[in-house]
Amino acid sequence: MSGCLISLEGGEGAGKSTVLAGLRSHIEARGIVLHVTREPGGTALGEAIRRLVLDGAMANVCAESELLLMFAARAQLVREVIEPALSCGDWVLTDRFTDASFAYQGGGRGQPIERIAELERWAANGLRPSLTLLLDVPVEVGQARAARRGSPDRIESEKAEFFERVRAAYRARAEAEPERFRLIDSNQAIDAVLRAACSAVDPFIAKQKEGA
Ligand code: Z5A
């Protein structure tokens with residue numbers, strides 16, 4: 001596939017949605033056809049799963065169901081949106097991808113990593129982003145930012161220890177795959193975070209232009 005898949009990851013309140021908007025303008029201004037999506041979501045089925053899985057009234061969702069629902073949404077997104085776009089040479093920018101399952105369901109909920117890796121191979125067709133921007137922020141800072149937004153959803157209602165495990169799992173993945181990940185300190189002014197994100201993407205834009 002000739003296109004480029006870029007994912008944005010991070011704990012809650014890390015600034016993904018804010019950076020995504022700026023990054024979108026940065027990439028599109030350089031003449032690249034970009035599809036922007038999010039997980040869970042991005043398709044009719046995925047958005048329905050998102051409503052279910054984040055619903056605070058949905059008590060006692062077991063970790064296995066949560067993991068499978070994330071991958072059900074992802075399987076649909078990969079086949080309906082991401083792979084067709086990449087096949088045409090377009091770019092896809094996604095607010096979260098499979099690393100989120102390793103971090104939240106693996107690190108946070110303790111689901112076995114081999115099981116998630118098997119789902120990645122099967123449900124996500126083994127697809128991995130060319131670049132993953134991990135916006136890293138201390139849990140208490142991210143939670144304080146997110147709290148200003150209003151009532152938390154089912155996953156946001158977890159305790160701080162859960163989010164510490166999620167953060168540790170994300171950082172461990174970034175350390176294990178330095179060629180794919182760019183760790184960005186998100187505990188700084190949003191303009192600086194966006195600049196770092198754009199700088200990480202620029203070599204991919206340059207490569208695309210060379211090939212054009
Ligand atoms: N989830 C999962 O468990 N497993 C999976 O496989 C997948 C997802 C794919 C929904 O994701 C939930 O699904 C998520 C993980 C789980 N649950 N949690 N928690 P989501 O990405 O849609 O939702 P989110 O993580 O809750 O996103 P968020 O809290 O909206 O984070 P954000 O997009 O990174 O933050 P933001 O909206 O850009 O910023 C939040 C606020 O902070 C906002 O008021 C900004 O103006 C402010 N902000 C942002 N950056 C800064 C800086 N640098 N300084 C000051 N203020 C800032």
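A polar side-chain atom of Arg145 lies 3.4 Å from a nitrogen atom of the ligand in this predicted model, a polar contact being a pair of N or O atoms within 3.5 Å. Taken alone, the ligand exposes 1100 Å², of which the protein buries 85% (Shrake-Rupley accessible areas, 1.4 Å probe). Side-chain values use heavy atoms, with hydrogens and water left out, and residues are numbered from 1 along each chain as its sequence is written.

The ligand is surrounded by 28 residues, the closest being Ser17, Thr18, Arg50, Arg96 and Arg149 (a residue is near if one of its heavy atoms lies within 4 Å). This shell divides into 10 nonpolar, eight polar and 10 charged residues; Ala, Val, Leu, Ile, Met, Phe, Trp, Tyr, Cys and Pro count as nonpolar, Asp, Glu, Lys and Arg as charged, and the others, Gly among them, as polar. The largest share of the shell, four residues, comes from α4 (helices are DSSP runs of H or I with at least four residues, strands runs of E with at least two, numbered from the N terminus).

The space taken by the ligand is the largest pocket, where a molecule sits in a pocket or cavity if more than half of its atoms lie within 2 Å of its grid points. On a 1 Å grid over the protein atoms alone, a pocket is an open set of points with protein on both sides within 12 Å along at least five of seven lines, a cavity is a set where a 1.4 Å probe fits but cannot get out, and lining residues have an atom within 4 Å of a point. The largest pocket has a volume of about 920 Å³, a volume being the space filled by probe spheres set on the points, which are joined across faces, edges and corners. Of its 35 lining residues, Glu12, Lys16, Arg96, Arg149 and Glu156 lie nearest the centre. The lining comprises 12 nonpolar, 10 polar and 13 charged residues, and at least two residues each are supplied by α1 (16-28), α2 (44-54), α3 (63-87), α4 (98-108) and α6 (139-147).

The second largest pocket has a volume of about 160 Å³. Its lining includes Trp91, Phe204, Lys207 and Gln208, and helix α8 (residues 190-211) provides the largest share, four residues. By class, three of the lining residues are nonpolar, five polar and one charged.

The structure also holds two cavities of 30 Å³ or more. The largest cavity has a volume of about 130 Å³; of the 14 residues lining this cavity, Gly11, Glu12, Val137, Val139 and Arg167 are the closest to its centre. Two or more lining residues come from each of β4 (131-136), α6 and α7 (160-176), with α7 giving the largest share, four residues. The lining of the largest cavity divides into eight nonpolar, three polar and three charged residues.

Terms used. This is a predicted model: local features need pLDDT of at least 70, side-chain atom pairs count only at pLDDT 80 or more; totals for chains, interfaces and linings use all residues. A polar contact is a pair of N or O atoms within 3.5 Å; within protein, one must be able to donate a hydrogen and the other to accept it, and residues adjacent in sequence count only if both atoms are side-chain atoms.
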